[in-house]
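Colleague: I would like to go through this model with you, starting with the aromatic rings. Could you take me through it step by step?

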Amino acid sequence: MEKRLQLIIFALVLVLGLAACGNDKDDNSTDATAGDNTETTGGTEGTDSNAEGDEAGDDAEAGNELQNDQTIGLTMDEFKDKFNEHAATQGLDYKIEKYQWLDQGDGTQTATIELHDDLRINGLSTGDKDEMKAILLEVEGFEPRQTAFDIVDIIIKSVGNVAENDAKKIMDGLGLEKPNEEGNYLEKDVEHDGLKYLLLSERSNYFEFGIVNKNDPDLIVD
């Protein structure tokens, strides 16, 4: 129940922004950075992982310059560039081209990216240099299931320069390891290098996946 409340609170903060802008499908974008050490809760064991190569480690260190107790370590533009790069590398025909921030009047901003009718990325910013507080992926019955899993994988790698094996451990910890099987109801979270990865899965391909700072008092319920 605690994990469900965490993700619902997180989702509501972002959805409020969507409602205010009329869910405008023409305004879109995103970007990110983070690192290592994975802890899993909600029925899966924690795992520690090693970075793949000095180059990946250097990238992660550089990307974490923005990360603090309120942010996930990158700007929206950085997330957009990294997402597009990983999508192209993995042969996925999705690209973030534009987005528009909506001022929430409380020092934060929200932005929505429509990748597909059933695939939506929402971003939450502090409004200060576009530093990102959170990323939320909404998947509503999208087919094929493998593509939805691939997009989750790309988002994980984009937010934090997560190595391939670490991204797989995070996905496995969230119960997203079998794209060829029907999904079940899941409430899980994984911690990795200061970030919390949240999953609320209702059934099959209907789920919400989010990334927040594990210490963010606005989005995490103790």
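Modeller: This is a predicted model. Rings of Phe, Tyr and Trp, the last by its six-membered ring, are taken as a pair if their centres lie within 6.5 Å.

Colleague: How many aromatic pairs does that rule give?

Modeller: The count comes to 3 aromatic pairs. One of them is formed by Phe-79 and Phe-83, with 6.0 Å centre to centre and 40° between the planes, and this pair is tilted.

Colleague: Where do Phe-79 and Phe-83 sit, and how many residues apart are they?

Modeller: Both belong to helix H3, residues 76-89, and because they are 4 residues apart there, about one helical turn separates them. Phe-79 has 0% relative accessibility and so counts as buried. Phe-83 is likewise buried, with a relative accessible area of 0%.

Colleague: And what about Tyr-197 and Phe-209: why is that pair stacked?

Modeller: The ring centres of Tyr-197 and Phe-209 are 6.4 Å apart and the planes meet at 20°, so the pair is stacked. The cut-off that matters here is that planes under 30 degrees apart count as stacked.

Colleague: Which strands does that pair tie together?

Modeller: Tyr-197 is in strand S7 and Phe-209 in strand S8, residues 206-213, so the pair links parts that are 12 residues apart in sequence. Tyr-197 is buried at 0% relative accessible area, and Phe-209 is buried at 1%.

Colleague: Staying with strand S7, is Lys-196 buried or exposed?

Modeller: Lys-196, which is placed in strand S7, residues 195-203, is buried, with a relative accessible area of 6%. The threshold for buried is under 20%, so the value of 6% puts Lys-196 in that class.

Colleague: What does the side chain of Lys-196 make a polar contact with?

Modeller: The partner is the side chain of Glu-191, at 3.1 Å.

Colleague: Let us change topic to Asn-122. Where does it lie?

Modeller: Asn-122 is part of strand S4, which covers residues 119-125. With 0% relative accessibility, Asn-122 counts as buried.

Colleague: Which side chains does Asn-122 contact?

Modeller: The side chain of Asn-122 has a polar contact of 2.6 Å with that of Glu-138, and another polar contact, of 3.3 Å, with the side chain of Thr-112.

Colleague: Now the pockets. What is the volume of the second largest pocket?

Modeller: The second largest pocket has a volume of about 200 Å³. By class, its lining holds 5 nonpolar, 1 polar and 6 charged residues. Among the lining residues are Gln-146, Phe-149, Asp-153, Lys-168, Glu-177 and Pro-179.

Colleague: Which helices supply that lining?

Modeller: Helix H4 (145-158) and helix H5 (164-173) each supply at least two residues. H5 gives the most, with 5 residues.

Colleague: Which residues of H5 are buried?

Modeller: The buried residues of H5 are Asp-166, Ala-167, Ile-170, Met-171 and Gly-173. Viewed down the axis of H5, these buried residues fall within an arc of 165°, so they line one face of the helix. Ala-167 and Met-171 are also found among the residues that line the second largest pocket.

Colleague: What follows H5?

Modeller: H5 is followed by Gly-175, which has a positive phi, near 85°.

Terms used
Residues numbered from 1 in each chain as written. Predicted model: local features only at pLDDT ≥ 70, side-chain atom pairs only at ≥ 80, totals over all residues. Heavy atoms only, no water. Buried < 20%, exposed > 50% of the residue type's maximum accessible area, 1.4 Å probe, protein only. Polar contact = N/O pair within 3.5 Å; in protein donor to acceptor, adjacent residues only side chain to side chain. 1 Å grid on protein atoms, 1.4 Å probe; cavity = no way out; pocket = protein on both sides within 12 Å on 5 of 7 lines; lining within 4 Å. Points joined across faces, edges and corners; volume = space filled by probe spheres on them. Nonpolar A, V, L, I, M, F, W, Y, C, P; charged D, E, K, R; others polar. Phe/Tyr/Trp six-rings, centres within 6.5 Å; stacked < 30°, edge-to-face > 60°. Arc of directions from axis to C-beta.
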